[in-house]
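Try each task yourself before you read the solution.

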Amino acid sequence: MRHTKRILSFVFVLMLLFTLFVPALPVFAADGSEFAGGSGTAADPWLIKTAEQLDALRNYVGEENGGKVFALANDIDLSDFLANHADAEVRQNGWQPIGYYLYKEGADGLLDTSGNVPFCGTLE
C-alpha cells in the first residue's frame with residue numbers, strides 16, 4: 001500500500017510539472033469562426049479584417065484545408081500586431097509568410113485581396 005502511494009504521488013508530481021513547463025498548444029477553430037464572416041467557399045469567402053485574422057490564416061494551410069477561400073475585406077496595418085506580439089521572435093524578425101514551411105508541398109486555396117493589402121507603417 002505504501003509503495004502504491006509513493007508511485008501515485010510521483011506520477012501526480014510529474015503530471016503537475018508537465019503542465020507547468022510544457023507550453024500550451026495553439027487552439028483555433030477549424031470552422032473559420034475566427035474570421036469576420038463567410039463560410040470559406042468561392043461564393044462566400046472567409047473575410048479577413050484584422051491582423052489577428054490574417055495571422056489565423058496560417059492555421060488553414062495544408063491539404064486538409066485545400067480549396068478554402070479567403071478575402072481581405074480592407075487594408076490591414078500589421079505594425080501594432082507585430083510590435084506587441086507575444087512571441088519575441090516575431091517582434092524581432094517581423095511577419096513570417098503564411099505557408100512558409102509548406103511551400104514545397106504546395107497549397108491549394110485562394111486569398112482574394114480585392115485590391116486591399118497588408119502593410120506595416122504608412123501605406124503610400
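## Exercise 1: a glutamine in a helix

Glutamine 53 has its place in helix 2. Bear in mind throughout that you're looking at a predicted model.

**Task.** Work out whether glutamine 53 counts as buried or exposed, and find which residues it is in contact with, leaving aside neighbours within four places in sequence.

**Solution.** 
- Step 1: take the relative accessibility, which for glutamine 53 is 12%.
- Step 2: hold that against the cut-off, where buried means under 20% relative accessible area. Glutamine 53 therefore counts as buried.
- Step 3: look for its partners. Once neighbours within four places in sequence are set aside, glutamine 53 is in contact with Glu34, Phe35, Ala36, Leu47 and Ile48.

## Exercise 2: the fold in outline

**Solution.** 
- Step 1: read along the sequence, and the pattern comes out as α-β-α-β-β-α-α-β-β.
- Step 2: check the pairing. Leucine 47, for instance, stands opposite alanine 71 in strand 2.
- Step 3: see how covered strand 2 is. Four of its five residues are buried, so the strand is mostly covered.
- Step 4: take in the whole chain. Of the contacts with a separation of 6 or more, 67% are between residues 24 or more positions apart.

## Exercise 3: ring pairs

**Task.** How many aromatic pairs does the structure hold? Classify the pair of phenylalanine 35 and tryptophan 46, then the pair of tyrosine 60 and phenylalanine 70.

**Solution.** 
- Step 1: the count is six aromatic pairs.
- Step 2: start with phenylalanine 35 and tryptophan 46. Their rings are 5.5 Å apart centre to centre, with 25 degrees between the planes. Planes under 30 degrees apart count as stacked, and this pair is stacked.
- Step 3: Phenylalanine 35 is in the loop between helix 1 (2-21) and strand 1 (46-48), while tryptophan 46 is in strand 1, so the pair ties together parts that are 11 residues apart in sequence. Both phenylalanine 35 and tryptophan 46 are buried.
- Step 4: turn to tyrosine 60 and phenylalanine 70. Here the centres are 6.0 Å apart and the planes make an angle of 65 degrees, which is an edge-to-face pair.
- Step 5: Tyrosine 60 sits in the loop between helix 2 (51-56) and strand 2 (68-72), and phenylalanine 70 in strand 2, so the pair ties together parts that are 10 residues apart in sequence.
- Step 6: check burial. Tyrosine 60 is buried at 4% relative accessibility, and phenylalanine 70 is buried with a relative accessible area of 5%.
- Step 7: Ring pairs link Phe35, Trp46, Tyr60 and Phe70 into a cluster.

## Exercise 4: the nonpolar core

**Task.** Which residues of the largest nonpolar core touch the most other members, and which helix gives the most to this core?

**Solution.** 
- Step 1: the largest nonpolar core has 15 residues, and those touching the most other members are Phe35, Ile48, Leu54, Phe70, Ile76 and Leu78.
- Step 2: sort the core by element. Strand 1, helix 2, strand 2 and helix 3 (79-83) each supply at least two residues. Helix 2 gives the most, with three.
- Step 3: zoom in on leucine 54. Not counting residues up to four places away in sequence, leucine 54 touches Ile48, Leu72, Ile76, Leu78, Trp95, Ile98 and Pro118.

Notes:
Residues numbered from 1 in each chain as written. Predicted model: local features only at pLDDT ≥ 70, side-chain atom pairs only at ≥ 80, totals over all residues. Heavy atoms only, no water. Phe/Tyr/Trp six-rings, centres within 6.5 Å; stacked < 30°, edge-to-face > 60°. Buried < 20%, exposed > 50% of the residue type's maximum accessible area, 1.4 Å probe, protein only. Contact = heavy atoms within 4.5 Å. Core = buried A, V, L, I, M, F, W, Y, C linked by side-chain atoms within 4.5 Å. Pairing = 2+ DSSP bridges.
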